[in-house]
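Subject: Structure for you to look at

Hello,

Here is the structure I promised to pass on, with my notes below it.

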Amino acid sequence: WYGKSVLKALWPVAAVEVHTSREVNAVNGTNLRLKCTFSSSSPISQRLSVTWNFQPEDQSSHEPVFYYLKEPYKMATGRFKERVTWDGNIQRYDVSIVIWNLQPSDNGTFTCQVKNPPDVDGTIGEVRLKVVQKVQFSEIHFLAVAIGSACVLMIIVVIIVVFCRHFRKKRQEKTEAADTEL
């Protein structure tokens, strides 16, 4: 037993590292690519497997979303049936999926797990998804609208000033013309 622990300390256990975004916001009714990439100390194995699961916000049990082993397998049942497609490329260490027609019930945490024998341990990627009804109005959008409105207002003021001066000049010319006739 002692020999095994020394051996493990000298030879670190190979592990798969999985990388995902921490949080993603998406608009209701749209499609979303859940990006998941990995790195492994071993070459890509024919037995490499990818498991995507989902845990709703209410913390009820995990639901399977997608599975890959030599080829993509779609789920035959569940909330993601007919709504998930493979969008990865194993040779590029990409195991991403696309979820179609997002719904508020899709709010929750998606996990991406990759096993690449002999690397079967390692991190599990987690993505927290929040489905929103509309795109949130950011500060940049607000600033753009404010600047645009100010520009339009300035143009209107300049046009009014030009028209007023023009009509005042015309009225002054008519008055001068009438004075010279008398």
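A word on terms before the core: a nonpolar core here is a set of buried Ala, Val, Leu, Ile, Met, Phe, Trp, Tyr and Cys residues joined through side-chain atoms within 4.5 Å. Please also keep in mind that this is a predicted model.

With that in place, the largest nonpolar core has 28 residues, and W52, V65, F110 and V114 are those with the most contacts inside it. Beyond its neighbours within four places in sequence, F110 is in contact with L34, W52, N53, F54, V65, F80, I99, G125, E126, V127 and L129.

Now for the overall layout. The protein chain has two helices and 11 strands, and along the sequence they come in the order α-β-β-β-β-β-β-β-β-β-β-β-α. Of its 182 residues, 27% count as buried. Among contacts with a separation of 6 or more, 58% are between residues 24 or more positions apart. The chain exposes about 13000 Å², with carbon and sulfur atoms supplying 59% of that area.

Strand β2 (residues 23-27) runs parallel to strand β11 (residues 125-132), and five bridges pair them. Within that pairing, V24 has L129 of β11 as its bridge partner. Which residues of β2 are on its covered face? They are V24 and A26, while E23, N25 and V27 make up the uncovered face. As a general point, side chains in a regular strand alternate between the two faces of the sheet.

Next, the charged pairs. A search of the whole structure finds five salt bridges, and I will go through some of them.

- D87 and R33 meet through their side chains, at 2.5 Å from N to O. D87 is in the loop between β8 (84-86) and β9 (97-99) and R33 is in strand β3 (residues 32-34), so this pair ties together parts that are 54 residues apart in sequence. D87 is partly exposed, at 34% relative accessible area, and R33 is partly exposed with a value of 34%.
- R33 also forms a salt bridge with D94, at 2.7 Å from N to O. Because R33 lies in β3 and D94 in the loop between β8 and β9, the pair ties together parts that are 61 residues apart in sequence. D94 counts as buried, at 13% relative accessibility.
- D106 and R83 form a salt bridge in which the closest N and O atoms are 2.4 Å apart. This pair links distant parts of the chain, 23 residues apart: D106 is in the loop between β9 and β10 (108-115), and R83 is in the loop between β7 (71-74) and β8. Both D106 and R83 are buried.

Through shared partners, salt bridges join R33, D87 and D94 into one network.

Finally, the surface. I155, I159, F163 and F167 form a nonpolar patch there, with about 420 Å² of accessible area together. F167 belongs to helix α2 (residues 139-181). Is F167 buried or exposed? Its relative accessible area is 52%, and the cut-off for exposed is over 50%, so F167 is exposed.

Happy exploring, and do write back with your thoughts.

Best wishes

Methods. Residues are numbered from 1 along each chain as its sequence is written. This is a predicted model: local features need pLDDT of at least 70, side-chain atom pairs count only at pLDDT 80 or more; totals for chains, interfaces and linings use all residues. Side-chain values use heavy atoms; hydrogens and water are left out. Buried means under 20% relative accessible area, exposed over 50%, partly exposed in between (1.4 Å probe, protein chains only). Contact means heavy atoms within 4.5 Å. Helices (H or I, at least four residues) and strands (E, at least two) are DSSP runs, numbered from the N terminus. Two strands pair if DSSP finds at least two bridges between them. Patches are made of residues with over 30% relative accessible area and no salt bridge: like charges are joined within 9 Å, nonpolar side chains (Val, Leu, Ile, Met, Phe, Trp, Tyr) within 5 Å. Accessible areas come from the Shrake-Rupley method with a 1.4 Å probe; for residues, only the protein chains shown count as cover. A salt bridge is a side-chain nitrogen of Lys or Arg within 4 Å of a carboxyl oxygen of Asp or Glu.
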